[in-house]
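Here are a few notes to read alongside the model. Have the structure open while you go through them.

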Amino acid sequence: MEFEFNEEQRMLRDSVRKMLAEVATPEYVRATDREGRYPYEVYEGFVKLGLVAMAFPEAYGGLGGGIMDFVAVSEEIGRVSYDYLGGYGTSVFNGMNLLHSASEAHKREFLPRLIDGSIRMSIAMTEPGAGSDAGAMRTTARRDGDHWVLNGQKVFSTGSGARDTVISLYAKTDTSVPYKQGISLFLVDNTTPGLQLRKLDTLGRRSIGTYEIFLDNVRIPADRLVGEVNRGWNTMLAGLQLERMMTTAGYCGAAQSVVDLALQYAKERQQFGQPIGDFQAIAHMLADMQTEVEASRTLMLKAAWEMATGRDALKTLSMAKLMASETYVKAANNGMQIMGGYGYIMEYDMQRHYRDARSTTIAAGTSQMQRNLIARQMGLHPR
Ligand SMILES: Cc1cc2nc3c(=O)[nH]c(=O)nc-3n(C[C@H](O)[C@H](O)[C@H](O)COP(=O)(O)OP(=O)(O)OC[C@H]3O[C@@H](n4cnc5c(N)ncnc54)[C@H](O)[C@@H]3O)c2cc1C
(Lines give C-alpha, C1' and ligand atoms only; values in the text may rest on other atoms or scores of the structure.)
Protein backbone atom coordinates (compact mmCIF):
# COMPACT_ATOMS: atom_id res chain seq x y z
CA MET A 1 0.00 0.00 0.00
CA GLU A 2 1.34 3.42 -1.01
CA PHE A 3 0.67 6.60 0.94
CA GLU A 4 2.60 8.91 -1.37
CA PHE A 5 2.27 10.20 -4.89
CA ASN A 6 4.53 8.40 -7.36
CA GLU A 7 7.62 9.98 -8.91
CA GLU A 8 5.72 11.40 -11.92
CA GLN A 9 3.02 12.88 -9.70
CA ARG A 10 5.63 14.47 -7.47
CA MET A 11 7.27 16.03 -10.54
CA LEU A 12 3.88 17.26 -11.71
CA ARG A 13 3.19 18.74 -8.26
CA ASP A 14 6.58 20.46 -8.23
CA SER A 15 5.99 21.99 -11.66
CA VAL A 16 2.61 23.36 -10.47
CA ARG A 17 4.29 24.75 -7.35
CA LYS A 18 7.00 26.44 -9.45
CA MET A 19 4.53 27.99 -11.90
CA LEU A 20 2.31 29.28 -9.08
CA ALA A 21 5.32 30.72 -7.22
CA GLU A 22 6.13 32.75 -10.34
CA VAL A 23 2.63 33.87 -11.36
CA ALA A 24 0.49 33.71 -8.21
CA THR A 25 2.81 35.59 -5.87
CA PRO A 26 1.35 36.50 -2.46
CA GLU A 27 0.90 40.09 -3.69
CA TYR A 28 -0.95 38.89 -6.79
CA VAL A 29 -3.26 36.62 -4.77
CA ARG A 30 -4.02 39.45 -2.32
CA ALA A 31 -4.74 41.90 -5.17
CA THR A 32 -7.13 39.58 -7.05
CA ASP A 33 -8.95 38.86 -3.76
CA ARG A 34 -9.12 42.53 -2.78
CA GLU A 35 -10.24 43.70 -6.24
CA GLY A 36 -12.48 40.70 -7.00
CA ARG A 37 -10.48 40.19 -10.20
CA TYR A 38 -10.40 36.90 -12.13
CA PRO A 39 -6.82 35.50 -12.22
CA TYR A 40 -6.57 35.12 -16.01
CA GLU A 41 -2.76 34.97 -15.85
CA VAL A 42 -2.89 32.01 -13.49
CA TYR A 43 -5.48 30.20 -15.59
CA GLU A 44 -3.20 30.73 -18.61
CA GLY A 45 -0.46 29.12 -16.51
CA PHE A 46 -2.69 26.09 -15.90
CA VAL A 47 -3.29 25.74 -19.64
CA LYS A 48 0.35 26.25 -20.68
CA LEU A 49 1.56 23.73 -18.15
CA GLY A 50 -0.89 21.17 -19.55
CA LEU A 51 -2.88 20.93 -16.31
CA VAL A 52 -6.19 21.05 -18.17
CA ALA A 53 -4.93 18.70 -20.90
CA MET A 54 -3.67 16.29 -18.24
CA ALA A 55 -7.18 15.16 -17.33
CA PHE A 56 -8.21 14.09 -20.86
CA PRO A 57 -7.30 11.25 -23.25
CA GLU A 58 -4.83 11.88 -26.03
CA ALA A 59 -7.57 11.36 -28.64
CA TYR A 60 -8.96 14.80 -27.73
CA GLY A 61 -5.61 16.55 -27.38
CA GLY A 62 -5.15 15.57 -23.72
CA LEU A 63 -2.23 14.02 -21.89
CA GLY A 64 -4.03 10.95 -20.55
CA GLY A 65 -3.61 11.55 -16.81
CA GLY A 66 -5.80 10.01 -14.14
CA ILE A 67 -7.62 10.86 -10.92
CA MET A 68 -4.43 10.82 -8.84
CA ASP A 69 -2.83 13.43 -11.11
CA PHE A 70 -5.95 15.59 -10.82
CA VAL A 71 -5.76 15.22 -7.03
CA ALA A 72 -2.06 16.13 -6.87
CA VAL A 73 -2.65 19.26 -8.95
CA SER A 74 -5.80 20.29 -7.04
CA GLU A 75 -4.08 19.96 -3.68
CA GLU A 76 -1.21 22.10 -4.87
CA ILE A 77 -3.46 24.85 -6.28
CA GLY A 78 -5.45 24.76 -3.02
CA ARG A 79 -2.27 25.50 -1.10
CA VAL A 80 -1.95 28.83 -2.87
CA SER A 81 -5.61 29.72 -3.12
CA TYR A 82 -8.67 27.57 -2.63
CA ASP A 83 -10.50 30.21 -4.67
CA TYR A 84 -8.24 29.70 -7.72
CA LEU A 85 -8.91 26.00 -7.57
CA GLY A 86 -12.55 26.88 -8.32
CA GLY A 87 -11.42 28.24 -11.72
CA TYR A 88 -9.31 25.23 -12.62
CA GLY A 89 -11.55 22.59 -11.07
CA THR A 90 -14.85 23.65 -12.64
CA SER A 91 -13.27 23.59 -16.09
CA VAL A 92 -11.75 20.18 -15.58
CA PHE A 93 -14.59 18.35 -13.85
CA ASN A 94 -17.20 19.73 -16.24
CA GLY A 95 -14.97 18.70 -19.14
CA MET A 96 -14.57 15.25 -17.61
CA ASN A 97 -18.32 15.09 -17.29
CA LEU A 98 -18.55 15.63 -21.06
CA LEU A 99 -15.99 12.90 -21.55
CA HIS A 100 -18.20 10.45 -19.68
CA SER A 101 -21.64 11.60 -20.81
CA ALA A 102 -21.50 13.54 -24.07
CA SER A 103 -21.67 12.40 -27.69
CA GLU A 104 -18.51 11.94 -29.72
CA ALA A 105 -19.39 15.10 -31.66
CA HIS A 106 -19.58 17.13 -28.43
CA LYS A 107 -16.29 15.76 -27.17
CA ARG A 108 -14.58 16.68 -30.44
CA GLU A 109 -16.15 20.13 -30.43
CA PHE A 110 -15.55 21.17 -26.81
CA LEU A 111 -12.65 19.23 -25.30
CA PRO A 112 -9.86 20.46 -27.63
CA ARG A 113 -11.01 24.05 -27.02
CA LEU A 114 -11.07 23.51 -23.27
CA ILE A 115 -7.60 22.00 -23.41
CA ASP A 116 -6.08 24.83 -25.49
CA GLY A 117 -7.68 27.46 -23.23
CA SER A 118 -10.11 28.90 -25.82
CA ILE A 119 -12.98 28.13 -23.46
CA ARG A 120 -13.50 27.61 -19.74
CA MET A 121 -16.37 25.72 -18.11
CA SER A 122 -18.63 26.30 -15.11
CA ILE A 123 -21.69 24.60 -13.64
CA ALA A 124 -25.18 25.94 -12.84
CA MET A 125 -27.44 23.60 -10.88
CA THR A 126 -28.42 25.58 -7.82
CA GLU A 127 -31.46 27.89 -7.87
CA PRO A 128 -32.96 30.22 -5.26
CA GLY A 129 -35.54 27.53 -4.37
CA ALA A 130 -33.29 24.51 -5.04
CA GLY A 131 -30.08 24.35 -3.01
CA SER A 132 -29.33 21.09 -1.19
CA ASP A 133 -32.54 19.89 -2.84
CA ALA A 134 -31.15 20.37 -6.36
CA GLY A 135 -33.84 18.11 -7.85
CA ALA A 136 -36.41 20.82 -7.09
CA MET A 137 -35.00 23.08 -9.83
CA ARG A 138 -37.56 25.03 -11.86
CA THR A 139 -35.59 26.54 -14.72
CA THR A 140 -37.10 25.19 -17.92
CA ALA A 141 -35.88 24.35 -21.41
CA ARG A 142 -38.57 24.14 -24.07
CA ARG A 143 -37.93 22.75 -27.55
CA ASP A 144 -38.74 25.19 -30.34
CA GLY A 145 -37.78 23.86 -33.79
CA ASP A 146 -33.99 23.72 -34.04
CA HIS A 147 -33.54 25.44 -30.67
CA TRP A 148 -34.08 25.07 -26.96
CA VAL A 149 -35.50 28.09 -25.15
CA LEU A 150 -34.35 28.53 -21.54
CA ASN A 151 -36.18 30.47 -18.84
CA GLY A 152 -35.52 30.76 -15.14
CA GLN A 153 -32.83 31.67 -12.64
CA LYS A 154 -29.69 30.04 -11.32
CA VAL A 155 -27.58 31.14 -8.37
CA PHE A 156 -24.06 30.50 -7.03
CA SER A 157 -22.53 29.51 -10.36
CA THR A 158 -18.79 29.69 -9.72
CA GLY A 159 -16.68 31.25 -12.46
CA SER A 160 -19.61 31.78 -14.84
CA GLY A 161 -18.71 35.41 -15.44
CA ALA A 162 -15.16 34.74 -16.67
CA ARG A 163 -14.62 35.41 -20.36
CA ASP A 164 -15.15 32.54 -22.84
CA THR A 165 -17.07 30.42 -20.36
CA VAL A 166 -19.43 27.65 -21.39
CA ILE A 167 -21.91 26.92 -18.61
CA SER A 168 -23.04 23.34 -17.89
CA LEU A 169 -26.59 24.30 -17.10
CA TYR A 170 -29.24 21.91 -15.80
CA ALA A 171 -32.91 22.60 -16.59
CA LYS A 172 -36.26 20.83 -16.57
CA THR A 173 -37.19 19.55 -20.02
CA ASP A 174 -40.30 17.74 -18.80
CA THR A 175 -42.29 19.56 -16.14
CA SER A 176 -45.05 16.94 -16.12
CA VAL A 177 -42.84 14.41 -14.30
CA PRO A 178 -41.95 14.89 -10.67
CA TYR A 179 -38.80 16.25 -9.23
CA LYS A 180 -35.46 14.70 -10.32
CA GLN A 181 -36.94 13.28 -13.49
CA GLY A 182 -37.15 15.36 -16.63
CA ILE A 183 -33.89 17.22 -16.06
CA SER A 184 -31.40 17.74 -18.91
CA LEU A 185 -27.93 19.18 -19.29
CA PHE A 186 -27.18 22.01 -21.72
CA LEU A 187 -24.01 23.81 -22.79
CA VAL A 188 -24.68 27.54 -22.77
CA ASP A 189 -22.18 30.24 -23.75
CA ASN A 190 -22.16 32.93 -21.08
CA THR A 191 -22.60 35.62 -23.77
CA THR A 192 -25.82 34.19 -25.24
CA PRO A 193 -28.46 36.92 -25.69
CA GLY A 194 -31.09 36.86 -22.94
CA LEU A 195 -28.62 35.54 -20.37
CA GLN A 196 -27.61 37.98 -17.64
CA LEU A 197 -24.94 37.49 -14.99
CA ARG A 198 -24.59 39.18 -11.63
CA LYS A 199 -21.54 38.58 -9.49
CA LEU A 200 -22.53 37.97 -5.85
CA ASP A 201 -20.82 39.99 -3.16
CA THR A 202 -19.40 37.14 -1.07
CA LEU A 203 -17.38 36.98 2.14
CA GLY A 204 -14.58 34.99 0.51
CA ARG A 205 -13.61 33.36 -2.77
CA ARG A 206 -13.89 36.78 -4.30
CA SER A 207 -11.57 36.39 -7.26
CA ILE A 208 -13.18 33.62 -9.33
CA GLY A 209 -16.55 34.76 -8.05
CA THR A 210 -19.91 33.08 -7.94
CA TYR A 211 -22.81 34.34 -10.03
CA GLU A 212 -26.53 34.68 -10.31
CA ILE A 213 -27.75 33.82 -13.81
CA PHE A 214 -31.01 35.16 -15.20
CA LEU A 215 -32.40 33.39 -18.26
CA ASP A 216 -35.02 35.21 -20.27
CA ASN A 217 -35.98 33.33 -23.46
CA VAL A 218 -32.38 32.27 -24.05
CA ARG A 219 -32.26 30.44 -27.40
CA ILE A 220 -29.57 27.86 -27.89
CA PRO A 221 -29.13 25.43 -30.82
CA ALA A 222 -30.80 22.04 -30.32
CA ASP A 223 -27.43 20.28 -30.43
CA ARG A 224 -26.35 21.97 -27.17
CA LEU A 225 -28.23 19.27 -25.26
CA VAL A 226 -25.73 16.84 -23.68
CA GLY A 227 -26.51 13.13 -23.76
CA GLU A 228 -30.13 12.08 -23.72
CA VAL A 229 -33.03 14.38 -23.00
CA ASN A 230 -34.51 14.01 -19.47
CA ARG A 231 -31.48 12.00 -18.28
CA GLY A 232 -29.52 14.89 -16.76
CA TRP A 233 -29.92 13.88 -13.11
CA ASN A 234 -27.58 10.90 -13.37
CA THR A 235 -25.07 12.94 -15.38
CA MET A 236 -25.16 15.53 -12.62
CA LEU A 237 -24.58 12.97 -9.85
CA ALA A 238 -21.62 11.42 -11.73
CA GLY A 239 -20.08 14.88 -12.16
CA LEU A 240 -20.53 15.74 -8.49
CA GLN A 241 -18.20 12.93 -7.42
CA LEU A 242 -15.40 14.47 -9.47
CA GLU A 243 -16.24 17.89 -8.04
CA ARG A 244 -16.03 16.55 -4.48
CA MET A 245 -12.73 14.83 -5.18
CA MET A 246 -11.26 18.04 -6.51
CA THR A 247 -12.61 20.25 -3.73
CA THR A 248 -11.50 17.81 -1.03
CA ALA A 249 -7.94 17.72 -2.37
CA GLY A 250 -8.03 21.53 -2.41
CA TYR A 251 -9.23 21.75 1.22
CA CYS A 252 -6.29 19.55 2.26
CA GLY A 253 -3.79 21.78 0.45
CA ALA A 254 -5.37 24.95 1.82
CA ALA A 255 -5.56 23.60 5.39
CA GLN A 256 -1.88 22.60 5.21
CA SER A 257 -1.05 26.16 4.13
CA VAL A 258 -2.87 27.45 7.22
CA VAL A 259 -0.83 25.15 9.47
CA ASP A 260 2.39 26.24 7.73
CA LEU A 261 1.53 29.93 8.16
CA ALA A 262 0.55 29.53 11.82
CA LEU A 263 3.61 27.39 12.59
CA GLN A 264 6.02 29.86 11.03
CA TYR A 265 4.38 32.69 12.96
CA ALA A 266 4.49 30.72 16.22
CA LYS A 267 8.22 30.14 15.78
CA GLU A 268 8.96 33.79 15.05
CA ARG A 269 6.63 35.71 17.32
CA GLN A 270 8.17 36.34 20.75
CA GLN A 271 6.19 37.16 23.88
CA PHE A 272 7.34 36.89 27.50
CA GLY A 273 10.86 36.33 26.15
CA GLN A 274 10.15 33.20 24.12
CA PRO A 275 8.54 32.12 20.82
CA ILE A 276 4.79 31.73 21.37
CA GLY A 277 5.08 28.23 19.84
CA ASP A 278 6.95 27.20 22.98
CA PHE A 279 3.88 27.84 25.11
CA GLN A 280 2.24 24.47 25.48
CA ALA A 281 -1.20 25.93 24.75
CA ILE A 282 -0.05 27.07 21.28
CA ALA A 283 2.12 24.01 20.58
CA HIS A 284 -0.81 21.68 21.27
CA MET A 285 -3.11 23.69 19.03
CA LEU A 286 -0.60 23.33 16.21
CA ALA A 287 -0.14 19.62 16.92
CA ASP A 288 -3.91 19.09 16.74
CA MET A 289 -4.16 21.14 13.54
CA GLN A 290 -1.44 19.10 11.82
CA THR A 291 -2.98 15.83 13.01
CA GLU A 292 -6.39 16.77 11.62
CA VAL A 293 -4.93 17.83 8.28
CA GLU A 294 -2.99 14.55 7.99
CA ALA A 295 -6.09 12.53 8.88
CA SER A 296 -8.15 14.43 6.28
CA ARG A 297 -5.47 13.93 3.67
CA THR A 298 -5.26 10.20 4.32
CA LEU A 299 -9.01 9.87 3.91
CA MET A 300 -8.87 12.02 0.77
CA LEU A 301 -6.16 9.80 -0.74
CA LYS A 302 -8.16 6.69 0.10
CA ALA A 303 -11.18 8.14 -1.72
CA ALA A 304 -8.97 9.02 -4.71
CA TRP A 305 -7.57 5.50 -4.75
CA GLU A 306 -11.07 4.03 -4.68
CA MET A 307 -12.10 6.21 -7.60
CA ALA A 308 -8.91 5.51 -9.54
CA THR A 309 -9.38 1.76 -9.15
CA GLY A 310 -13.05 1.84 -10.15
CA ARG A 311 -14.42 1.11 -6.67
CA ASP A 312 -17.54 2.71 -5.25
CA ALA A 313 -16.05 5.75 -3.54
CA LEU A 314 -19.27 7.47 -2.43
CA LYS A 315 -19.00 6.81 1.31
CA THR A 316 -15.27 7.47 1.66
CA LEU A 317 -15.47 10.54 -0.54
CA SER A 318 -18.36 11.98 1.50
CA MET A 319 -16.42 11.33 4.72
CA ALA A 320 -13.28 12.91 3.24
CA LYS A 321 -15.21 15.95 1.97
CA LEU A 322 -16.89 16.39 5.34
CA MET A 323 -13.73 16.03 7.37
CA ALA A 324 -11.39 18.04 5.15
CA SER A 325 -13.77 21.00 4.83
CA GLU A 326 -14.43 21.11 8.58
CA THR A 327 -10.69 20.78 9.20
CA TYR A 328 -9.96 23.76 6.93
CA VAL A 329 -12.56 25.89 8.75
CA LYS A 330 -11.25 24.87 12.17
CA ALA A 331 -7.59 25.29 11.20
CA ALA A 332 -8.22 28.80 9.83
CA ASN A 333 -10.09 29.73 13.01
CA ASN A 334 -7.27 28.44 15.22
CA GLY A 335 -4.64 29.91 12.90
CA MET A 336 -6.18 33.31 13.47
CA GLN A 337 -6.11 32.77 17.23
CA ILE A 338 -2.43 31.84 17.08
CA MET A 339 -1.62 35.01 15.15
CA GLY A 340 -3.42 37.21 17.67
CA GLY A 341 -4.36 40.65 16.37
CA TYR A 342 -2.17 40.22 13.26
CA GLY A 343 -4.36 37.37 12.03
CA TYR A 344 -7.25 39.81 11.97
CA ILE A 345 -5.68 42.39 9.66
CA MET A 346 -5.88 42.26 5.90
CA GLU A 347 -2.09 42.41 5.37
CA TYR A 348 -1.75 38.80 6.53
CA ASP A 349 -3.16 35.87 4.56
CA MET A 350 -4.82 34.12 7.50
CA GLN A 351 -7.96 36.23 7.18
CA ARG A 352 -8.31 35.18 3.50
CA HIS A 353 -8.17 31.53 4.53
CA TYR A 354 -10.69 32.25 7.29
CA ARG A 355 -13.07 33.77 4.70
CA ASP A 356 -12.44 31.25 1.90
CA ALA A 357 -12.68 28.29 4.29
CA ARG A 358 -16.11 29.30 5.51
CA SER A 359 -17.66 28.41 2.14
CA THR A 360 -16.29 24.88 2.11
CA THR A 361 -18.79 23.31 4.50
CA ILE A 362 -21.58 24.77 2.35
CA ALA A 363 -20.56 24.47 -1.32
CA ALA A 364 -20.28 21.14 -3.20
CA GLY A 365 -22.82 19.69 -0.74
CA THR A 366 -23.18 20.99 2.82
CA SER A 367 -21.74 19.15 5.83
CA GLN A 368 -25.27 18.15 6.80
CA MET A 369 -25.85 16.60 3.36
CA GLN A 370 -22.54 14.72 3.58
CA ARG A 371 -23.60 13.34 6.97
CA ASN A 372 -26.96 12.30 5.45
CA LEU A 373 -25.12 10.50 2.65
CA ILE A 374 -22.76 8.74 5.03
CA ALA A 375 -25.61 7.73 7.35
CA ARG A 376 -27.55 6.32 4.37
CA GLN A 377 -24.53 4.23 3.41
CA MET A 378 -24.69 2.91 6.98
CA GLY A 379 -28.28 1.77 6.47
CA LEU A 380 -29.91 4.72 8.26
CA HIS A 381 -32.67 6.95 6.92
CA PRO A 382 -31.98 10.47 8.19
CA ARG A 383 -34.74 13.00 7.60
C1 LIG B 1 -18.98 29.86 -2.71
C2 LIG B 1 -20.02 28.98 -3.29
C3 LIG B 1 -19.83 28.44 -4.55
C4 LIG B 1 -20.82 27.64 -5.14
N5 LIG B 1 -20.65 27.20 -6.43
C6 LIG B 1 -21.68 26.57 -7.06
C7 LIG B 1 -21.60 26.26 -8.46
O8 LIG B 1 -20.58 26.48 -9.13
N9 LIG B 1 -22.70 25.74 -9.06
C10 LIG B 1 -23.85 25.45 -8.39
O11 LIG B 1 -24.80 24.97 -8.99
N12 LIG B 1 -23.95 25.74 -7.05
C13 LIG B 1 -22.91 26.28 -6.39
N14 LIG B 1 -23.01 26.60 -5.05
C15 LIG B 1 -24.27 26.33 -4.35
C16 LIG B 1 -24.14 25.26 -3.28
O17 LIG B 1 -24.06 24.00 -3.87
C18 LIG B 1 -25.35 25.45 -2.36
O19 LIG B 1 -25.14 26.64 -1.65
C20 LIG B 1 -25.51 24.28 -1.42
O21 LIG B 1 -25.90 23.14 -2.14
C22 LIG B 1 -26.55 24.56 -0.33
O23 LIG B 1 -27.71 25.11 -0.85
P24 LIG B 1 -28.34 26.44 -0.18
O25 LIG B 1 -27.26 27.43 -0.09
O26 LIG B 1 -29.56 26.80 -0.94
O27 LIG B 1 -28.70 26.00 1.29
P28 LIG B 1 -29.98 25.14 1.76
O29 LIG B 1 -30.10 23.90 0.95
O30 LIG B 1 -31.16 26.04 1.85
O31 LIG B 1 -29.54 24.72 3.22
C32 LIG B 1 -29.63 25.60 4.35
C33 LIG B 1 -29.22 24.80 5.59
O34 LIG B 1 -30.13 23.69 5.78
C35 LIG B 1 -29.42 22.48 5.79
N36 LIG B 1 -30.21 21.42 5.14
C37 LIG B 1 -30.87 21.46 3.96
N38 LIG B 1 -31.43 20.28 3.68
C39 LIG B 1 -31.12 19.45 4.71
C40 LIG B 1 -31.38 18.09 5.02
N41 LIG B 1 -32.07 17.30 4.18
N42 LIG B 1 -30.89 17.58 6.16
C43 LIG B 1 -30.17 18.35 7.03
N44 LIG B 1 -29.88 19.65 6.79
C45 LIG B 1 -30.33 20.19 5.64
C46 LIG B 1 -28.14 22.74 5.00
O47 LIG B 1 -27.11 21.81 5.35
C48 LIG B 1 -27.83 24.17 5.45
O49 LIG B 1 -27.19 24.16 6.68
C50 LIG B 1 -22.02 27.36 -4.42
C51 LIG B 1 -22.18 27.89 -3.14
C52 LIG B 1 -21.21 28.68 -2.57
C53 LIG B 1 -21.44 29.24 -1.19
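1. Start with the way two of the helices meet: helix 1 passes helix 4 in a right-handed crossing. Keep in mind throughout that this is a predicted model. On the helix 1 side the contact uses Q9, L12, R13, V16, R17 and L20, and helix 4 answers with M68, D69, A72, V73, E76, I77 and V80. Sorted by class, the residues of this contact are eight nonpolar, one polar and four charged.

2. Now the geometry of that pair. Two packed helices are described by the angle between their axes and the distance between the axes. Here helix 1 spans residues 7-23 and helix 4 spans residues 67-80; their axes come within 9 Å and cross at roughly 30 degrees. Angles under 35 degrees count as roughly parallel, so helix 1 is roughly parallel to helix 4.

3. Nine residues of domain 2 and eight residues of domain 3 take part in the contact. On the domain 2 side, the residues touching domain 3 are five nonpolar, three polar and one charged.

4. You'll find P128 in the loop that runs between strand 1 (120-124) and strand 2 (140-144). Is P128 buried or exposed? There are 12 other C-beta atoms within 10 Å of P128, and a residue with 12 or fewer counts as exposed, so P128 is exposed.

5. What does P128 touch, leaving aside residues up to four places away in sequence? The partners are Q153 and V155. For V155, the separation along the chain is 27 residues, while the C-alpha atoms of P128 and V155 are 6.3 Å apart.

6. Last stop, R383. This residue sits in the segment after helix 11 (367-377). R383 has 4 other C-beta atoms within 10 Å, and that makes R383 exposed as well, because the cut-off is 12 or fewer. If you want a reference point back along the chain, take N372: R383 and N372 are eleven residues apart in sequence, and their C-alpha atoms are 8.1 Å apart in space.

Key
Residues numbered from 1 in each chain as written. Predicted model: local features only at pLDDT ≥ 70, side-chain atom pairs only at ≥ 80, totals over all residues. Axes fitted to C-alpha atoms, helices over the stretch in contact; angles between N-to-C directions. Helix = DSSP H or I, 4+ residues; strand = E, 2+ residues; numbered from the N terminus. Parallel < 35°, antiparallel > 145°, perpendicular 65-115°, else oblique. Left-handed = near helix turned anticlockwise from the far one by under 90°. Contact = placed C-beta atoms within 7 Å. Nonpolar A, V, L, I, M, F, W, Y, C, P; charged D, E, K, R; others polar. Buried ≥ 20, exposed ≤ 12 C-beta atoms within 10 Å, placed from the backbone.
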